[in-house]
Amino acid sequence: MDLEKMLKEYRESIKAVPREERIAQTVRLSGEAFFQREQERMLSYAEFLRTQFLVLKKRWWVYQCLLLMTAGLLLGNMQEEYYMRRSVGVAGVLFVVLIIPEMWRNRTHLSLEVETAAYYSLRQIYAARMLLFGAADVFLAAAFCLGLKGRFHFTASELLVQFLFPMTVTACICFGTLCSKYAMNETVSVIFCLVWSGVWWLVTMNEQVYRAALLPVWVCCFAAAAAVTAVCAYRAVKFCGQCLEVGDGAQMDGNEIG
């Protein structure tokens with residue numbers, strides 16, 4: 001009994017009395033030490049781009065490359081040059097549509113909250129993805145255009161009207177719908193792009209309408225589409241964080257921006 005009493009008294013004598021100010025000081029010093037340590041091994045922006053490149057699924061670039069190769073083979077087998085030149089725009093539309101699953105994957109999987117908590121902001125993550133996809137797509141599109149010009153003798157004006165213009169309008173549709181303040185998911189964007197593809201096919205198949213517009217008109221249309229696409233892309237980067245909840249607190253599917 002004496003031993004138990006002694007143990008009880010010993011436990012009471014060594015019992016720590018918490019002091020709130022000491023706990024707060026410990027937490028503050030621990031946080032400062034953690035942040036200082038993290039700053040010593042912070043990723044540079046080049047390393048951040050490399051990380052984003054590794055995270056991106058490269059299969060969509062492979063699909064884009066296969067699409068352009070298939071389009072080149074099909075164009076080579078077409079007997080009528082009239083249909084061959086008018087069909088290039090469809091390849092441009094599908095080429096842009098293939099960027100949708102990867103560019104908006106974080107919204108599909110509702111991972112925006114996790115990315116928002118990262119050191120690099122959600123805006124920087126979007127900008128990095130656009131930069132990487134833009135660089136890859138410019139390379140693929142340039143190679144495709146050079147192939148058309150060398151093999152099928154497309155002129156620069158024909159490439160602008162037949163391939164680059166419908167491709168730019170499709171990119172404008174993608175950014176405009178997916179970055180809209182209304183709840184539009186990837187399926188809606190793809191549907192709009194396919195509708196635009198059909199409209200463009202009808203326009204190019206109508207010789208009177210197609211020939212009525214002169215080259216300066218097509219250049220102005222292309223410049224306008226490129227400007228709208230740039231504005232939509234900028235808006236996507238600027239307002240990418242404002243997308244989690246709308247309305248009366250009802251959570252949507254993560255597609256609301258602005």
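Mentor: Let us begin with Trp61, which is buried (buried means under 20% relative accessible area, exposed over 50%, partly exposed in between, with a 1.4 Å probe and protein chains only), since its relative accessible area is 14%. This is a predicted model, in which local features need pLDDT of at least 70 and side-chain atom pairs count only at pLDDT 80 or more, while totals for chains, interfaces and linings use all residues. Residues are numbered from 1 along each chain as its sequence is written, and side-chain values use heavy atoms, with hydrogens and water left out.

A search of the whole structure finds nine aromatic pairs, where rings of Phe, Tyr and Trp (its six-membered ring) pair if their centres lie within 6.5 Å, and planes under 30 degrees apart count as stacked, over 60 as edge-to-face and the rest as tilted. Among them, Trp61 and Phe133 have ring centres 5.3 Å apart and planes at 55°, so this pair is tilted. Because Trp61 belongs to helix α4 (residues 59–77) and Phe133 to helix α10 (residues 122–151), the pair ties together parts that are 72 residues apart in sequence; helices here are DSSP runs of H or I, at least four residues, numbered from the N terminus. Phe133 is buried too, with a relative accessible area of 3%.

The rings of Phe165 and Trp218 have centres 5.7 Å apart and planes at 65°, so that pair is edge-to-face. Phe165 and Trp218 are both buried, and together with Trp196 and Trp200 they form one aromatic cluster.

Terms used
Helix = DSSP H or I, 4+ residues; strand = E, 2+ residues; numbered from the N terminus.
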